[in-house]
Amino acid sequence: MADDILHRVRTTTLNFDLEINEEIRNEVLVLVGDMCLLMCGSLMSTLGLPAPNRSIHDTFNSELQREKAYDRDELAERVRTNVPLLNPEQKNVYDSLMKVVDDGTGGIYFLDAPGGTSKTFVISLILATIRSRSQIALAVASSRIAATLLEDGRTAHSALKLPINHHTVDDPTCPITKNSSTGKLMRECKIIIWDECTMAHKQALEAVDRTMKDLRGDLRRFGGALILLSGDFRQTLPVIPKSSAADELNACLKSSFLWRHVQKLQLTTNMRVALQNDPSAAETTAGAWQRPNSY
């Protein structure tokens, strides 16, 4: 674990001469302590293990500073250049979400976007617009592959500290404290974009909802923050080992009590056809739309 953290810090700081030190060892203790708390509900001190120094951890964890370190001028120029490239459908999604950000009303939105509709282009433009204003936009995805497509994207488990025991706990929450760097980040962020959310277990989203309410001291859904879910329910649903089809459907986000609060946006125009004149892409997308859908 220390080697993994060392590699991450070297890559982030470009200081390849850095070696394992007390801060990195303390970070390992923090991670192990969080696992102990999740798996058996015990602090490390009660297990005979050294307790981490949380104050050092908060200094070491520079998530908040990283989210504010973007080049505003470069992002603003990117927004100015790319907004005119949006088609009417994409422009409607962009304008609708930016209005919610500007009004500060929050809410839960789902962007239904099959492959080829340039969903990632729209999401990247939303992220660039918010970050160009020195505001915080958190980009996460259910898989590492999907996260790499978003600028500074991270997996939902890493960024949101999703609980690993949500299958066995009735009301799971994320182990994030109010005074931690992640807690401050979650309080200040203008939007959380969760790509490929259709692969996530419904209790993971519900855990984020409970955690955001606590961190923000706000009883509205997700503490009044704007949550943009994106994905395609025609693709992979949550994978539940040794389960039936009914178990997978029950774990799906559409089975969550939060789903009735979701406002839906949609992209349908296949940009591979529109820009590249690729008829095979149209047939692929049409097949996806025509597949039986239990929802």
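In this predicted model, helix 5 passes helix 7 in a left-handed crossing, that is, the near helix is turned anticlockwise from the far one by less than a right angle. Helices are DSSP runs (H or I, at least four residues), and strands are runs of E of at least two, numbered from the N terminus. Two packed helices are described by the angle between their axes and the distance between the axes. Helix 5 (residues 72-82) and helix 7 (residues 119-131) pack at about 135°, with their axes 8 Å apart. Helix 5 is therefore oblique to helix 7; angles under 35 degrees count as roughly parallel, over 145 as roughly antiparallel, 65 to 115 as roughly perpendicular and the rest as oblique.

The table lists the residues in contact (heavy atoms within 4.5 Å).

| Helix | Contact residues |
|---|---|
| Helix 5 | Arg72, Leu75, Arg78, Val79, Asn82 |
| Helix 7 | Phe121, Leu125, Ala128, Thr129, Arg131 |

By class, this contact has 5 nonpolar, 2 polar and 3 charged residues.

The protein chain holds 14 helices and 6 strands. Of its 295 residues, 47% count as buried (under 20% relative accessible area, with a 1.4 Å probe).

The mean pLDDT, the predictor's confidence in each residue from 0 to 100, is 83 for the protein chain, and 86% of its residues reach 70 or more. Over residues 285-295 the pLDDT is below 50. Where pLDDT is low, the predicted coordinates should not be read in detail.

Residues are numbered from 1 along each chain as its sequence is written. Local features need pLDDT of at least 70, side-chain atom pairs count only at pLDDT 80 or more, totals for chains, interfaces and linings use all residues, and side-chain values use heavy atoms, leaving out hydrogens and water.

Notes: Axes fitted to C-alpha atoms, helices over the stretch in contact; angles between N-to-C directions. Nonpolar A, V, L, I, M, F, W, Y, C, P; charged D, E, K, R; others polar. Buried < 20%, exposed > 50% of the residue type's maximum accessible area, 1.4 Å probe, protein only.
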